[in-house]
Amino acid sequence: KPPQQDGGSDISHYIVERRETSRLVWTVVDSNVQTLGCKVTKLLEGNEYIFRIMAVNKYGTGDPLESDPVFMKNPFVVPDAPKTPEVTNVTKDSMVVVWGRPVSDGGSEITGYIVEKRDKEGIRWTRCNKRLVSELRFRVVGLIENHQYEFRVSAENAAGVSEASQSSIFYKASDPIFKPGPPNNPKVTDVTRSSVFLAWSKPIYDGGCEIQGYIVEKCDTSSDEWTVCTPATGIKETHYEVEKLSEKHEYKFRVCAVNKAGVGEHADVHGTVLVEEKLEAPDLDLDPEYRKLVNVRAGCSLRLFIPFRGRPAPEVKWAKADGEIRDTAMIEVTSSYTLLTVDNVNRFDTGKYTLTLENSSGS
């Protein structure tokens, strides 16, 4: 404040001086202070100083006013440690680390945060950010896939850097995976008196990892209870025969895909399926070449391969219009084709060969 007595003349300015309490010499800080305040800089932290002020008018310099000794120290301290960090949005080479503010900022605004990481296979902590992070989150990049990392965070203010937070738990660097979507287009491909054949395609969405298998479930409409038909771990194929079903019963079916994340959403086979033997009259899939004259050189082999359909499986009969088929001829019959083989043919094998298929639905 201005002196109570100005000596009969206006105060023109003030002189400010300082000295360390351990010394006797005064040092001029500013010899021409025009205001009622002065900022003293370049003081040494840990030293003790005394300041004095003298008013000046046109008649000269007045008596000094000394301050009490002042010990130089920071008026604030480093912040408390931030809250324990957590990790979100993990990929095979990056993680987003988030944390909470310290309980105390030490009396000075926090200027930023330092994020550190440690590989579980190493012992050293390494800094993740070159510049101070101003937000409460930071994306750490350059991680090694399938390695595990822990993180810690420190806060910084004008007084310095805080202690590091508690370390996070370890997080594995890997792309996120989810349960797969439903299999595509499940359908019934065939029905017998005791089984149903199903087929489907892979899900459009695999959840981010390989499909490990499929689970098929059935439900007898008389009970509305779903039971698993496949092994609990699923099957690799995209088709399956559901066996040991009750004839004349109606069933519902559904299929789920399985990956590392678990069992995905099921896809229902449309409608219900009545378990009964389907009747189908025999039908030949005859190659047009067989309707013409087939020439085979003497000594060679005659092979007639004829696919067919029919439910139940038809009875197969080969015959020769103008004689008997040679005893050495081989006739192979399955549920879907027949094959007539005559080796080392000669002129007696010439003629018209006929094939007759017959079952309870016709011929």
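How many aromatic pairs does a search of the whole structure find? The search finds 5 such pairs, where rings of Phe, Tyr and Trp (the six-membered ring for Trp) pair if their centres lie within 6.5 Å, with planes under 30 degrees apart counted as stacked, over 60 as edge-to-face and the rest as tilted. The structure is a predicted model, in which local features need pLDDT of at least 70 and side-chain atom pairs count only at pLDDT 80 or more, whereas totals for chains, interfaces and linings use all residues. Residues are numbered from 1 along each chain as its sequence is written, and side-chain values use heavy atoms, with hydrogens and water left out.

Aromatic rings also take part in contacts with charged groups, a charge being placed over a ring if NZ of Lys or CZ of Arg is within 6 Å of the ring centre and within 35 degrees of the ring normal. Arg52 lies over the face of Trp26, at 4.2 Å from the ring centre, and the charged end of Arg152 is found over the ring of Trp125, 4.2 Å from the centre of that ring.

An open sheet of 4 strands, with antiparallel pairing, has the order E24-E25-E28-E27; strands (E, at least two residues) and helices (H or I, at least four) are DSSP runs numbered from the N terminus, and two strands pair if DSSP finds at least two bridges between them. Its edge strands, each pairing on one side only, are E24 (280-284) and E27 (330-333), and the twist from one strand to the next averages 15 degrees, with axes taken as lines fitted to C-alpha atoms (for helices over the stretch in contact) and angles running from 0 to 180 degrees between N-to-C directions. Within this sheet, E25 (residues 302-311) and E28 (residues 337-342) pair in the antiparallel sense over 6 bridges, and Leu304 stands opposite Leu340 in E28.

On a 1 Å grid over the protein atoms alone, a pocket is an open set of points with protein on both sides within 12 Å along at least five of seven lines, and lining residues have an atom within 4 Å of a point. The volume of the largest pocket is about 660 Å³, and E25 and strand E29 (353-358) each supply at least two residues of its lining. This lining comprises 14 nonpolar, 5 polar and 6 charged residues.

The second largest pocket, with a volume of about 540 Å³, is lined by 27 residues, of which Lys1, Tyr14, Ile53, Met54 and Ala55 lie nearest its centre. Strand E3 gives the most to this lining, with 6 residues, and the lining divides into 16 nonpolar, 8 polar and 3 charged residues.

A further open sheet is formed by 3 strands in the order E15-E16-E19, again with antiparallel pairing, and has E15 (184-191) and E19 (239-242) as its edge strands. Strands E15 and E16 (residues 196-201) are joined by 5 bridges, and Asn184 stands opposite Ser201 in E16.

Definitions and conventions:
1 Å grid on protein atoms, 1.4 Å probe; cavity = no way out; pocket = protein on both sides within 12 Å on 5 of 7 lines; lining within 4 Å. Points joined across faces, edges and corners; volume = space filled by probe spheres on them. Nonpolar A, V, L, I, M, F, W, Y, C, P; charged D, E, K, R; others polar.
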